Amino acid sequence: MLLAITLSAFLQGSEAPSLGLDFTNVVLPILTRSGCNAASCHGAALGQGGFRLSLFGNDPEADHAAITRDLSGRRIDRAERSMSLVLRKPSRQLPHKGGRVLPADGENYRTLRAWAEGGFPFRENDLRLVRLDVRGTEQLTVNAVYSDGIARDVTHVALFSSNDDGIADVTPEGAVTLRGSGETAIMVRFGGHVAAQRVSRSFAAEGERKPAGGLPLKGFIDAHIGRALERIGLEASGEARDDVFLRRVFLDVIGTLPSSGEARAFLEKPDRNRLIEDLIARPEFDAYWGYRLDQLFGVGSKRLGGKEAAAFHAWLRGRVRKPWAGTANAVLTASGFEPETGFYRLTGDPKELSENTGRIFLGARWQCAQCHDHPFERFRQTDYFGLAAMLARVRQTDSGIVHFPRGEVTFPKTGRDAVPVLPDGTPGEIENDRRPMLAGWVTSQPQFRQAFANRVWALIMGRGLVHPADDFRASNPPALPDLLEDLSRLETLPELVGAIARSAAYQRAGAAEWNRADDRFYSHFRPKALDAEVLVDAIAAATGIPDAYQGRPPGTRAIEIGDFTVPSYTLDVCGRNRPGFEGSLSQTLHLLNGDAVQPKLAAVEPLLLHDDSRLVEELYLRTLSRLPSKPEAEHWAHVLEAGPRGEAAEDLLWALLNSREFTTCH
Amino acid sequence: MPLIPLTFTRRKCIQIGAFSFLGIATRDLLALARPDARAKSCIVVWLNGGPSHIDTFDLKPDAPREIRGEFTPIDSSVDGLQVCEHLSRTARVMDRCALVRSVTSPEGNHDRATHYMLTGWRPSPALVYPALGSVAAKEAGAGFDLPRYIAIPSEIPYSGAGYLTAAFEPFSIGSNPAKEGYRVRDLDLPVPASRFERRRGMLKTVDDLSRLVEASASRDAGLEQAYRLISSKEAHAAFDLSREKPETRARFGFSTLGQSCLLARRLVEAGVKFVTVNDDGWDTHQSIFKVLSTGFPGKLPELDMAFSSLVRDLDERGLLDSTLVVLMGDFGRTPKLNSLGGRDHWPRASSVVLAGGGIRRGAVHGTTDATGELPATGPVEPEDIAATIYSCLGIDFAKEYRTPQGRPVKVLGRGSVIPEVLL
């Protein structure tokens, strides 16, 4: 009788038939909600206090055994069931280092006790959780829909977390408090499923709706962003000045600075769309995006060999204007000595190959799943090994990359060979080359196109729609899903880069007072620190003094090296091939005092022939791609006049090259 | 390959612990920061490549020739403790050091082993952990002319900030202190100081006159730190080895390792929190005895001069009690010689020497079996070494940090101090 009341309480008055005392569907969620199987408690790899549960309950059978059978069943008391350790410890009727996580007067405790009194059953029904249904904005309600098609309220056993607690907080009970303006998602987790509930608070004051824009909508990108800005009550910054746009679009589209001649020409007749088209048509476009692809794959002679690295680099550069799906397919099925076998030469470990596949082509981090099911993510350990098995027979031999007739990876839980299988359950080839099927699956995923579009978007716009750009997962939803979907229909780099560069969103000025707090709706342009190669090339372009790299013809730019292991202290110290590099003391010292800048200051020599005002103009145009403002022109003319002129000009160039504006794409 | 079950190792550790009667609670107790921690600074002398334990601090004179090798043990200043004949100066300072001969680990690959030893975490595909020095720098806080964490002559992989921010990366001096006229890379001004002052002013004016990019606090702080370092007389003096007496420089030896150790001592004297001295050449797969003894120059004679002088010098200056010195490398080396007269990677047994702040003088912990293959008593793992180092530095290693993704991670996941080597 008590049992029936308890369970109906668990179901919170819904009319749904009881789930009974099922361990997987009823008991485990309580343990998860109470934190018992978190990584910091019994879910740790070694357990806690001798009691080990699977991380977040991903292995119900093992957990049931750990509770009812380990230590000869000491954790339960079959004679006096309600006196079981599994009840008395978490409710702290006995000392428990984890504290009182299940108060004895709580509903979840009562359910657990009912399960104990019912004889610690494992299976009570065959219901599978199908999906979660989340409603509400202030108090969330979570319904779990099971395979019988019936929804049951699981709000008080679900887990809630906010993706951005600066915008919204959520209590363990699912009550949402808005903290700041903006939009974020509250993630809801239950039974291995995850759902997102969007919550937002307008930037505009109550009753006052600011118009979105400042710029006309130029296409689908602006339509999506415009709607979001409207919804959130954000007013976008105005259009960036022509000179700002000029520098920005050169850096973002071809990775280098305009010459002073190019700058003057554009500023005289500023046709933005024409400039974008011209830049995309230039060979530097191939060089720059080839460099970005090198970065994505990690091309380097240390792991590939010099010849192979050069071949892979050249091949990637040749793919810049071709559809990404074709590139992916060629790379994943490459054999023999084809240049694109570089992917398989980077590592011979099928697990690492599979992780690289996830990262490069699907923007996903699969590493965690090697050791455990990712907490609440859909990508499980079985998926990880199913995919690794599809790459288990790739070998580097005397005849190049071949698909070998033997070789498997071991699934650690069973110690047996992992079976090649796709995450959707489709069994893979066993005897023939297993890779074409893998390539087909990868390139047919919507996430494949989205990951690529998002990566390009992130490089240009300074933040991915999914952020970080290589962290696609259910609990990290895109800021603007519809925009990402539309963007991902564009298949080549020229199309993607062109569409983004032409948008009003890209051409906006920097943050304004009223939209500074926005970091995800592109209401203003986000300045980005220049990456090592681009920075070093910019110094070379501004001074007209190129760098020299080992084994490369004179005049080779840093983005054209095609090998991240070619020695260069300057590139290393500026964060070569380290995305998200935050700068270091060594880098600052090197730019202030070192040979990255100092020897190149001689570039002012020929400019000294000009008069002061033209000299200052040239220096500003070459470094910052703009003419000096009136106060700047006057100030520096004065400094030059005070002299000594040569030194002053050198020092001004030094200051410009070290300036905030120069080292940023803004 | 024989394997020591970890549970055995753990339990053993606890049993021999000073508070073993407290059982499992002992570990929690020991995880707390020690209020009597004495080390203000730490110097790690890192023997890159993996030094052979059998040819340095754990000789096996009674083992068959293909194991014991060519070196003879000699007595040290600790009763009953013998070390290699090529470490005769070090032998005389062993009474100021503690030796752990029973370090064991499953990681036999350089990268993985380095990560394990320097961070106290086995490598994870999902996360790079911060090295001991980066954690020490973070705990020490900012506000000091010299960097908190310095690598000599340059940093090695996995000695960096890992998932922490770049502010806690080591600062590499970027040049060889044994070279004639050595200078810290890019620290000297390329122009006279007055002109640099002017440049600095001009840079500020360029930034101030341009409103196109908003000021960033981290850039300003980075620039400020660089200016402070450039203009700090103390920093320049600390880096300047020519201020040492020629006899002192000679005592450390004019090897890279010797002068690096001397520089490390100067930096610690100047208040630097953590210094890593990285010495290459210990990956002795071939002709190990030649490389270690007479090779040009022999690794052991170099190490002997450098390490013994470091300990002795710190002690004579009254700095040893406030400076923790650690001598370690990737792993030990195979007891059995290979066909090239070398020894290969062997992580199952290795030796670590500790001295100074918080360490009991003359302590010896653990033994290996007759062939130096496995720990026989008192096995400890790299995280126990890390815990011991943190404990000496007064760092609470049970503390939680957050990764950029918001995942809470403890400073150390496992590991407990080795009470036998602590004061």
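Guide: What follows goes through the salt bridges, then turns to a few other features.

This is a predicted model, in which local features need pLDDT of at least 70 and side-chain atom pairs count only at pLDDT 80 or more, while totals for chains, interfaces and linings use all residues. Residues are numbered from 1 along each chain as its sequence is written, chains are lettered from A in the order in which they are written, and side-chain values use heavy atoms, without hydrogens and water.

Over all chains there are 76 salt bridges (a side-chain nitrogen of Lys or Arg within 4 Å of a carboxyl oxygen of Asp or Glu).

Start in chain A. A:Arg434 bridges to A:Glu408, with the closest N and O atoms 2.9 Å apart. A:Arg434 sits in the loop between β12 (416-417) and α19 (435-444) of chain A, and A:Glu408 in the loop between β10 (400-403) and β11 (410-411), so the pair ties together parts 26 residues apart in sequence. Helices (H or I, at least four residues) and strands (E, at least two) are DSSP runs, numbered from the N terminus. A:Arg434 is buried, at 0% relative accessibility. A:Glu408 is partly exposed, at 30%. Here buried means under 20% relative accessible area, exposed over 50%, and partly exposed in between (1.4 Å probe, protein chains only).

A:Asp433 forms a salt bridge with A:Arg435; their closest N and O atoms are 3.1 Å apart. A:Asp433 is partly exposed at 27%. A:Arg435 is buried at 0%.

Now chain B. B:Lys204 and B:Asp208 meet in a salt bridge of 2.8 Å, N to O. Both lie in helix α7 (residues 193-209) of chain B, four residues apart, about one turn of the helix. An α-helix has 3.6 residues a turn, so residues three or four places apart point the same way. B:Lys204 is exposed at 51%, and B:Asp208 is partly exposed at 38%.

Chain B also holds a network. Salt bridges link B:Glu244, B:Arg251, B:Arg265, B:Arg266, B:Glu269, B:Asp313 and B:Arg317.

A:His156 is in the loop between β3 (151-153) and β4 (159-162) of chain A. At 15% relative accessibility, A:His156 is buried.
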